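The sequence and structure are shown first.

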Amino acid sequence: MPALSNDQADFARAIVLGLDLSPQAHAVCPKYRVATAMAVYHNNYRGNLHDTLASAYPVTEQLVGKDFFRVLTKQFIEQYPSRSGNLHHYGAEMADFIADFEPAQSLVYLSDVAALEWACHRAYFAEDEATLDVSGLSKVPAENYADLVIHTHPACHMVRSIYPIAAIWNAHQPGANSDFHIDLDSGSSNALVSRKENTVMVTELTEAGATWLQSIRSGAPLGEATSGVLERYPDFNLNTALLNLLEQGVLADFTLENMP
Amino acid sequence: MARPVTHALPCTGGIGLRAPHYRQVLDRLPRLGWVEVHSENFFGGGAPLSTLLRVREHYPVSLHGVGMGLASTTPLDKAHLSALHRLCDAVKPAAISEHLSWNSAAGMVINDLLPFPYTQEALSHVATRIEQVQEELGRQLLVENLSSYLSFAHSEMTEGAFLAELTQRTGCGILFDVENLYVNACNLGVDAKAFIKAIPAEAVKEYHLAGYSVRDGCLVDTHDHPVCPEVWEMYEFALQHIGPRPTLIEWDSDIPPLPVLMGEAAKAQQRLEICYACAE
């Protein structure tokens with residue numbers, strides 16, 4: 001497929017970089033210049049990606065304002081071409097990009113907010129999966145509890161930050177109180193993203209709860225995860241943590257370690 | 001003329017269902033012949049899929065893909081195709097369509113519908129890809145003619161002949177977008193009547209109608225206006241030569257209130273009815 005393949009590669013680069021097509025493309029426009037057609041493709045390309053980023057990062061856009069967000073997305077789009085025919089995959093690198101984006105350095109929390117927004121975006125489109133069946137859990141003999149490996153729902157994510165990102169996110173949702181004032185000294189945030197009845201939510205976990213969930217998510221069995229947390233946080237209450245996570249639909253199925 | 005029964009979409013006017021109207025449609029259940037959605041917006045689970053499954057309880061649904069890149073020369077995205085397959089299994093759509101365009105090259109994806117020269121080389125390539133998709137999905141794919149802002153001097157055939165040959169080689173159907181043809185006629189001097197006569201009528205399973213914008217003398221397929229009188233006229237010509245088929249109003253930007261869309265669909269419906277009346 002050399003001819004078609006080479007033509008398309010040249011065409012793609014011209015669109016992305018906003019260049020003219022080379023004469024070898026043999027492009028023809030009887031009514032206007034080829035450059036006009038290429039400008040339409042270039043603007044479509046940039047416009048689609050900008051709109052996609054604006055829809056995945058609405059809080060980031062609110063925090064920096066529409067004009068600044070446009071400057072930011074322009075540079076992001078130049079740095080990161082799309083890699084998927086599904087536009088909902090576009091924009092994964094935004095948190096890292098913002099961390100290095102010089103004009104946004106004064107908004108120290110912005111990168112972490114963007115990471116949280118990407119987690120929410122993924123949670124929104126995540127596959128469906130049944131949540132933990134408590135009656136099934138009750139059939140597990142007590143002596144095997146320590147070996148339980150609990151899996152989290154595909155829509156579950158955790159984003160930890162030294163800034164109050166969960167509070168910032170919730171304050172910028174439709175219908176939230178607009179008088180919100182960001183107190184950056186209000187402490188760190190263990191933002192838990194979950195999906196309940198198909199609504200994506202962001203809540204806070206305690207340090208102990210977040211440490212436990214992180215351990216569970218990395219595949220640690222219940223006994224190991226819990227004893228690890230209890231060493232550092234003697235007040236950790238497993239029952240309360242489990243009930244809280246069950247309530248939020250974070251826990252999916254479970255398996256018993258060392259058993260088929 | 002008997003109403004076609006070979007296709008599961010009703011031969012009526014339908015609308016492109018977009019997010020601003022989900023709630024109203026599900027709460028009020030307005031009389032819509034059928035609806036079409038963009039497949040990629042429903043990949044995965046959660047609210048999007050759940051909404052579509054509820055819509056599906058009340059209306060025939062057509063899945064219209066914008067991201068497969070049938071004419072790309074990069075390998076077919078298997079994950080994308082599997083996601084579409086899972087969606088089809090869940091929704092059991094009345095029709096599935098993609099565009100006669102490419103979107104991926106040189107390690108990048110251009111999330112647009114891009115033109116290519118209609119050569120023999122491209123024909124065998126696209127035919128192979130359509131076969132791959134149809135095999136994976138286990139059903140016929142409808143392929144939509146493209147709106148284009150430029151053409152290629154080294155094309156060896158017209159888009160109409162290219163599509164006709166694709167239906168022969170792969171058994172795919174045609175989604176005939178009348179507005180795309182109008183855009184090509186204005187931008188590129190494509191002979192619209194010759195196109196309509198070139199594509200096999202029995203392969204055409206669906207029409208699209210939409211509005212466009214103009215930038216620097218170039219008609220751009222923006223789907224942000226009502227259907228213009230010239231496109232209605234071209235649609236009427238197509239109805240005479242090809243026959244009545246399910247007809248969709250597409251509106252993707254500056255989306256108007258639902259009644260406006262329903263009004264446009266009713267205009268298509270009226271023309272379909274006239275077409276039946278004259279033929280019977």
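The model discussed here is predicted. By this rule, 2 cavities of 30 Å³ or more are counted, and the largest cavity holds about 60 Å³ of space.

Residues of both chains line the largest cavity: D7(A), Q8(A), F11(A) and A25(A), together with W102(B), P115(B), F116(B), P117(B) and F152(B). Helix α1 of chain A, residues 2–17, supplies the largest share of this lining, with 3 residues.

## The site of S148(B)

S148(B) lies in the loop that runs between β7 (142–144) and β8 (151–152) of chain B. Because its relative accessibility is 4%, S148(B) counts as buried, the cut-off being under 20%.

The side chain of S148(B) reaches the backbone oxygen of L150(B) at 2.6 Å. Beyond its neighbours within four places in sequence, S148(B) is in contact with Y41(A) and with P115(B), V183(B), N184(B), N187(B) and L188(B). Of these partners, P115(B) is also among the residues lining the largest cavity.

## The sheet of chain A

In chain A, 3 strands form an open sheet in the order β3-β4-β5, with antiparallel pairing. Its edge strands, β3 (157–161) and β5 (199–204), each pair on one side only. From one strand to the next, the twist averages 20 degrees.

Strand β4 of chain A, residues 189–196, pairs with β5(A) in the antiparallel sense over 6 bridges. A191(A) has E204(A), in β5(A), as its bridge partner.

Conventions: Residues numbered from 1 in each chain as written. Chains lettered and ligands numbered in written order. Predicted model: local features only at pLDDT ≥ 70, side-chain atom pairs only at ≥ 80, totals over all residues. Heavy atoms only, no water. Helix = DSSP H or I, 4+ residues; strand = E, 2+ residues; numbered from the N terminus. Buried < 20%, exposed > 50% of the residue type's maximum accessible area, 1.4 Å probe, protein only. Polar contact = N/O pair within 3.5 Å; in protein donor to acceptor, adjacent residues only side chain to side chain. Contact = heavy atoms within 4.5 Å. Pairing = 2+ DSSP bridges. Axes fitted to C-alpha atoms, helices over the stretch in contact; angles between N-to-C directions. 1 Å grid on protein atoms, 1.4 Å probe; cavity = no way out; pocket = protein on both sides within 12 Å on 5 of 7 lines; lining within 4 Å. Points joined across faces, edges and corners; volume = space filled by probe spheres on them.
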